[in-house]
Amino acid sequence: MFAALQQRAATAGITLRNPPPEPTTCCGRGCNGCVCEGFLDAAEYWRQEALLQLQD
C-alpha cells in the first residue's frame, strides 16, 4: 500500500511524508495496546492523508 501510493504521488509530482515504520518490538502475545495496533492506526492515518493529497 505504501509503495503504491508513493508511486501515484511521484507520478503526480506530489511529495508525501514518510510512512510509519513497521514495529520491531512485538512479542506476539496479543497484548492490549500492542505496538502493531499503533502501527495499523498510524498506517491508516497515513493512507487517508495521502489519498486526500492525491485528490487535489
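In the predicted model, cysteine 27 counts as partly exposed, since its relative accessibility is 44%. The cysteine sulfur closest to that of cysteine 27 belongs to cysteine 31 and lies 3.6 Å away, which is too far for a bond, given that a disulfide requires a pair of cysteine sulfur atoms within 2.5 Å. Cysteine 36 likewise falls into the partly exposed class, at a relative accessibility of 30%. For the sulfur of cysteine 36, the closest cysteine sulfur is found in cysteine 26 at 3.9 Å, again too far for a bond. In keeping with these separations, a search of the whole structure returns zero disulfides.

With regard to helix packing, helix α1, spanning residues 2-12, packs against helix α2, spanning residues 35-55, at an angle of about 20° and with the two axes 11 Å apart. Because angles under 35 degrees count as roughly parallel, α1 and α2 are therefore described as roughly parallel to each other. The crossing in which α1 passes α2 is left-handed. On the side of α1, the contact is formed by Phe2, Leu5, Gln6, Arg8 and Ala9, whereas α2 contributes Phe39, Ala43, Trp46, Arg47, Ala50, Leu51 and Leu54.

Leucine 40, which lies in helix α2, counts as exposed, with a relative accessibility of 55%. Between leucine 40 and alanine 12, a sequence separation of 28 residues corresponds to a distance in space of 26 Å, taken from C-alpha to C-alpha. Tyrosine 45 is also located in helix α2, and its relative accessible area of 52% places tyrosine 45 in the exposed class, for which the cut-off is over 50%.

How values were computed. Residues are numbered from 1 along each chain as its sequence is written. This is a predicted model: local features need pLDDT of at least 70, side-chain atom pairs count only at pLDDT 80 or more; totals for chains, interfaces and linings use all residues. Side-chain values use heavy atoms; hydrogens and water are left out. Axes are lines fitted to C-alpha atoms, for helices over the stretch in contact, and angles run from 0 to 180 degrees between N-to-C directions. Helices (H or I, at least four residues) and strands (E, at least two) are DSSP runs, numbered from the N terminus. Angles under 35 degrees count as roughly parallel, over 145 as roughly antiparallel, 65 to 115 as roughly perpendicular and the rest as oblique. A crossing is left-handed if the near helix is turned anticlockwise from the far one by less than a right angle, and right-handed if clockwise. Contact means heavy atoms within 4.5 Å. Buried means under 20% relative accessible area, exposed over 50%, partly exposed in between (1.4 Å probe, protein chains only).
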